[in-house]
Amino acid sequence: MTTESPGHRNTAYRNFEVAPISGALGAEVQGVDLSQKLADETVEDLRAALLDHLVIFFREQSLTPQQQIDFSRQFGELEEHDFVKGTEEHPEIIRILKEADEKGMNFGGVWHSDVTHQKSPALGSVLYAVEVPPFGGDTLFANQYVAYETLSSGMREMLDGLTAIHTAEGPFGPHGRSLTNWRNMDVETSEKALEQTEHPVVRTHPETGRKGLFINGTFTVRFKNMTRRESMPLLRFLLKHASREAFTCRFRWARGSVAFWDNRSVMHYALNDYTGHRREMLRVTISGDRPY
Ligand code: SIN
């Protein structure tokens, strides 16, 4: 089943079915076993499905860490996280873990796209659910094309010329919030997180050519040539607008679910509503290119 809407494009896929889960973005892919070597045409069509629906989901998968890596590698080079150490055997895989007795903020519990403190932020991430709580722990995704397209022409024109400053200082700097949170993750705070990177506020997607908002609740700290105090009202407005309910989908995880999001056109938000229960996910990140 396919549905034409501002958030989805229709393509005929050769080896699987696709079912959108909301009008804004997000679709479940049925009929692909990610643990197996995939035919070239299946990989090609999965890439098309990612561009069409921005985030694609798979159910009832059973993946070893190596199989998760092998699947993800078909879409680009994998990278290690700058501040979260990967697992012993697979440095490209980070474990996102919150134990039942942890009370603090969770990892990813702010609207963001991944690693935009880097000059060339990720193309996308592949997240695999190892253990999920009996309720809660859903992940929300928001379509940043539609977020941009629904702004007034005056605002779009202004944003088209604006550059944002991104840094990983908030979570990963010497006084970062990872010091008090995420005690079961292997995080290394560092002076390196103080480095600043510039990105356009409106990004042109390198594959679809479509423009989208490219701001970040974790890493964007201000606009270029503006103070933080001057920047914050506009940044707050944009983050609120970019995550309006109508632009989102919400994914309910089960053990063995996989989400693969396009980090260039989507923000995501991990809900922290499962205190008292354990949640364990494995994430692989695919390298991207310099935003323009
Ligand atoms: C992340 O931000 O990559 C984490 C998402 C999640 O745990 O749902």
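How many cavities of 30 Å³ or more does a search of the whole structure find? The search turns up five. A quick note before the views: this is a predicted model, where local features need pLDDT of at least 70, side-chain atom pairs count only at pLDDT 80 or more, and totals for chains, interfaces and linings use all residues. Residues are numbered from 1 along each chain as its sequence is written, and side-chain values use heavy atoms, with hydrogens and water left out.

**View A. The largest cavity and its lining.** About 160 Å³ of space sits in the largest cavity. Of its 17 lining residues, Phe107, Gly108, His112, Thr218 and Phe219 are the closest to the centre. (A cavity is a set of points on a 1 Å grid over the protein atoms alone where a 1.4 Å probe fits but cannot get out, and lining residues have an atom within 4 Å of a point; a volume is the space filled by probe spheres set on the points, which are joined across faces, edges and corners.)

**View B. Glu79, buried with no salt bridge.** Here's Glu79 in strand 4 (residues 78-79); strands (E, at least two residues) and helices (H or I, at least four) are DSSP runs, numbered from the N terminus. Glu79 is buried, and the nearest side chain of opposite charge, Arg283, is 7.0 Å away. (Buried means under 20% relative accessible area, exposed over 50%, partly exposed in between, with a 1.4 Å probe and protein chains only; a salt bridge puts a side-chain nitrogen of Lys or Arg within 4 Å of a carboxyl oxygen of Asp or Glu. Lys and Arg count as positive, Asp and Glu as negative, while His and the chain ends are not counted.)

**View C. Arg183 and Asp101.** This pair makes one of the 21 salt bridges in the structure, with the closest N and O atoms 2.8 Å apart. Arg183 is in the loop between helix 5 (169-172) and strand 9 (197-200), and Asp101 in the loop between strand 5 (93-98) and strand 6 (124-131), 82 residues apart. Arg183 counts as exposed because its relative accessibility is 52%.

**View D. Arg210 and Glu149.** Another salt bridge, this time with 2.9 Å between the closest N and O atoms, joins Arg210 to Glu149. Arg210 lies in the loop between strand 10 (202-204) and strand 11 (211-213) and Glu149 in helix 3 (residues 144-149), so the pair ties together parts 61 residues apart in sequence. Arg210, at 25% relative accessibility, counts as partly exposed, and so does Glu149 at 37%.

Conventions. On a 1 Å grid over the protein atoms alone, a cavity is a set of points where a 1.4 Å probe fits but cannot get out, and a pocket is an open set with protein on both sides within 12 Å along at least five of seven lines; lining residues have an atom within 4 Å of a point.
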